[in-house]
Amino acid sequence: MSVIVTLAALIAAIGVTPASASFQYRSGTRLSATTWTLNTSYPAVSGASSIACPSISVCYAVGQNSSNGPDIFITTDGGSTWTNQLVPSGVETIIDIACPSISVCYAVGQGGSNGRDVILATTNGGNSWIDEFTGSLGQEFYSVACPSTSNCYAVGQNTSFSSGTIIATTDGGGLWSRQSQSIPSGVGALFGIACPSTSDCYAVGRSTNSSSGTIIATSDSGAIWTSQNLPSGVQDLYGIACPSTSDCFVIGPPDLILATSDSGASWSSQNLPSGVQDLYGIACPSKNVCYAVGQNGTGDNIVTTADAGGAWSSQKVSSGRFSYISWISCPSVASCFAVENNSNSVSVGQYSVSVGQLGTIIATANGGNSWVNENPPRGVDNLYDVACPSTSTCYAVGKSNSGSEILKTTNSGSSWLSDTPPIGISDLSGIVCPATSTCYAVGNAGSAREILETTDGGAFWITLTLPSGVGTLGDIACPSTSTCYVTGFQRNGLSEIGNIFVTSNDGGSWSSQTLPPDVGYLFGIACPLVSTCYAVGQTQKSNVATIIVTSDSGITWTSQALPSTVTALFSIACPSAYSCYAVGQNGYSNTSYLLATTNAGATWNSQTLPPGVADRYSLASIACPSTSICDAVGNNASGTAGVVLATTDAGTTWINEALPSGVSFLGGIGCTVEGLCFAPGKGEGTVGGLILVGQSPSTPVCSATGVGSANFARGYWLPTASGAVYSCGDAPFYGSLVTLGITPAKPIVGIASTPDNKGYWLVASDGGVFAFGDANFYGSMGGQPLNKPIVGMAVTPQGGYYEVASDGGIFAFGPGANFYGSMGGQPLNKPIVGMAVTPQGGYYEVASDGGVFAFGPGANFYGSMGGQPLNKPIVGMAVTPQGGYYEVASDGGVFAFGPGANFYGSMGGQPLNKPIVAMTPDSTDGYQFVASDGGVFSFGNAVFAGSLGGQGVGDVVGMASSQSSNSG
């Protein structure tokens, strides 16, 4: 929350200079959701022809180096650094590259003076590249596509320039076979290919008469290729992207994009923005989202669609002017990398096609690199704090000429409306919303102390009665809809004494808590649990910062040790009971401080801030949508410039983010769990209250085609009933039924990861099991008679697995999967809905009424919701590392039993777009669960690594963590 109002009497003492009090409405418009920035931290190359990004952090680019030789360079940190890789001798040019995994890639090009064909391959992340051809096939290759690590197709033309050519491998490059005999007559050079599955491919180019374009397709792995009907007048086609087997987009000059949604039975031209001259590359990370790149009359050109081509809009590279952007790869809808050319086009075969001659790489991450102005209602003078209880709903508080202001948005900030606070309320400085309809706001006006409450989404606000003698109010935190803590301070002679008041009955009554004797000003508070809170401020000496903590609902508060140079702390955010971040300053040197703890405050460490921030800006507020992602805001000493700092690596590095012009002060910040952040403040001069909105930096994403890295630290997998697998955050993508072109006989109902998290299994309701990565297939119930359908699976510590049916039947397969009994054939009040394995190899079954049944080693019964009233049925369970367990209901209610099963919060009583379907524990302390639309909710130390909520996915059925195999 903001500290400007609550600290008005203390500004001089702690060295914060107030800004001008002359405010009016500031107008603004929302910028494009994607901002492009120039990336220059890679080896000096004179040509870059293609790029492939198997994950959001790993990309391979190919081209020519400064000595005009071939080059392959790689980044493993999202483009921050690039390194060259060794290319085998005899290779003259490399034109295209495809990477079906972060370690397996194939590249095509040409050899030396003999002009032989070149296909390079790596299976170890480019540590070594092998030239898979030792002689010439009389062909030139221009493009390669690899729907799996073992299946690849390369297209081009024969060296006589008389017809197109296709070769393919099904064994990872051990043998490449011509498919020329199956290509229709009249097909000339083929410039691009896309393979949405191992059996389905589309190739584009031109006909042999050089007067028209061509698209050919196969649905049987290239045994037969057929020509497709195109609109009249279509000439050369350069590139193609197919996000599914039925949806494809094709580009060609001068400004052509063709699209099909019926596997090529019909192709239609798309309407593009004016100014587009030539398009050379296209990428479609989803069937709705595509990016196409090329050139226009003023330089660089990027066009994008978010509605499957219904509308295309132009995007502009933010710095520099470029002639050509020739190729693009998008590992997710939010992250893309492109190679750029600033000179004339070059030759590919006998045709002139731009492939990038200056080796520029541009990138977008769509995450916090820009913050844009929202449009608060007119008349708002200043805004101090904001709270966002849901993805779309936020409340902001401040003041206007007529008194206090409460603003509300229900559309993620596209528009804000004024709520009406009670008459006589003149100033509000902080707000917290434990639910979308329940909020508490605090303020100070002269001698008045104010706490307002709404329980109907702001339609009606009431003033709560506080104990007599309440001093200045500082901050408020509400870990539940009924429990709130308020900080403050009151004068006692020449010093201030800190206060904390608590309510556990929705503000009906407030009681004062006993604090350590030296606590003075208390400015901020955060409560990750109902029982656990941290409060920050100053001691009574007024020159030493303080942090006090309670873990017993305020019965006892204790002081924590801090660095001696910090004189005041203004705000604190605690995304878990163990991880907290606090901002403040040294009042003597006007130096900003940012402290962090990962051990519940046993130690607090100073964070390193970007150059020029610590000694020029005061940080007023901080918000952390996850344990590793935080945003802090403030302003300079003169109140003429705001600042936003961001971290995505738990404070290891902090970035000073770019802001729109005219922002003079930012006093508060609030972020949704998905990372959408709002920062209220004011503009410069006579400009009034404003709200900035931005996506928290590097917000994790989920992809059905390949996201993740090798560290597994922050990720999970989400399967759908149709067999797609979305990898989120650092969870590597190992494949899915959709990418293999397989339709399961029955819907997928669950997923489980291997013990080393380098693979996963999918299980269908008929008991069929599908293994990916290092997951071994040990058998299944697929094709076997079942009394009831399978509803889930779980993995043993040794790597075997169990299937469980809705009647409680257990089926064991592989190492460590021993049968210890089941509920099969036993009477059940309600059907079984899930299972989980203990660390010792036993297992639990859970029924929809919350009944728990324990079998085998380590499976102890610690209680259940069986026979207890439930608002909604139980849908899953998860086991803690200590052997306790959680149950989760379809409304997001969480119930904890046994060792290590600590309650960190839930979605019970909160609005959900879709019901919860599964949960998984964190490997340390916490849990996550997922809804059927892919919305993810993380509690405790469990990471938030991305979500599918709001992306149109409607059949998510399970969840598996990349940190723990005890998944549901």
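1. Basis of the note. The model is predicted: local features need pLDDT of at least 70, side-chain atom pairs count only at pLDDT 80 or more, and totals for chains, interfaces and linings use all residues. Residues are numbered from 1 along each chain as its sequence is written, and side-chain values use heavy atoms, with hydrogens and water left out.

2. Disulfides in the whole structure. How many disulfides does a search of the whole structure find? The search finds twelve, a disulfide being a pair of cysteine sulfur atoms within 2.5 Å. In general terms, such a link is a covalent bond between the sulfur atoms of two cysteines.

3. C242 and C248. The link is right-handed, because the torsion about the S-S bond of C242 and C248 is about 110 degrees. C242 counts as buried at 13% relative accessibility; here buried means under 20% relative accessible area, exposed means over 50%, and partly exposed lies in between (1.4 Å probe, protein chains only).

4. C284 and C290. A disulfide joins C284 to C290, with 2.1 Å from S to S. The link of C284 and C290 is right-handed, with 110 degrees about the S-S bond. C284 is buried at 12% relative accessibility, and C290 is buried at 0%.

5. C388 and C394. The sulfur atoms of C388 and C394 lie 2.1 Å from each other in a disulfide. Why is this disulfide right-handed? The torsion about the S-S bond of C388 and C394 is about 110 degrees, so the disulfide is right-handed. C388 is buried with a relative accessible area of 14%, and C394 is buried with a value of 0%.

6. T260. This residue is in strand 20 (residues 256–260); helices (H or I, at least four residues) and strands (E, at least two) are DSSP runs, numbered from the N terminus. T260 is buried, with a relative accessible area of 4%. The side chains of T260 and D262 are joined by a polar contact of 2.7 Å. A polar contact is a pair of N or O atoms within 3.5 Å; within protein, one must be able to donate a hydrogen and the other to accept it, and residues adjacent in sequence count only if both atoms are side-chain atoms. Leaving aside residues up to four places away in sequence, T260 touches S246, D247, C248, A265, S266 and W267, where contact means heavy atoms within 4.5 Å.

7. S182. Where is S182 placed? It is in the loop between strand 13 (177–178) and strand 14 (187–194). S182 counts as buried at 13% relative accessibility. Its side chain reaches the backbone oxygen of Q179 at 2.8 Å. Residues up to four places away in sequence not being counted, S182 touches G222, A223, I224 and W225.

8. The sheet with strand 14. Four strands form an open sheet in the order 14-15-16-17, with antiparallel pairing. Strand 14 and strand 17 (226–227) are the edge strands, each pairing on one side only. Two strands pair if DSSP finds at least two bridges between them; strand 14 and strand 15 (residues 201–207) pair in the antiparallel sense over five bridges. V204 in strand 15 is the bridge partner of G192.
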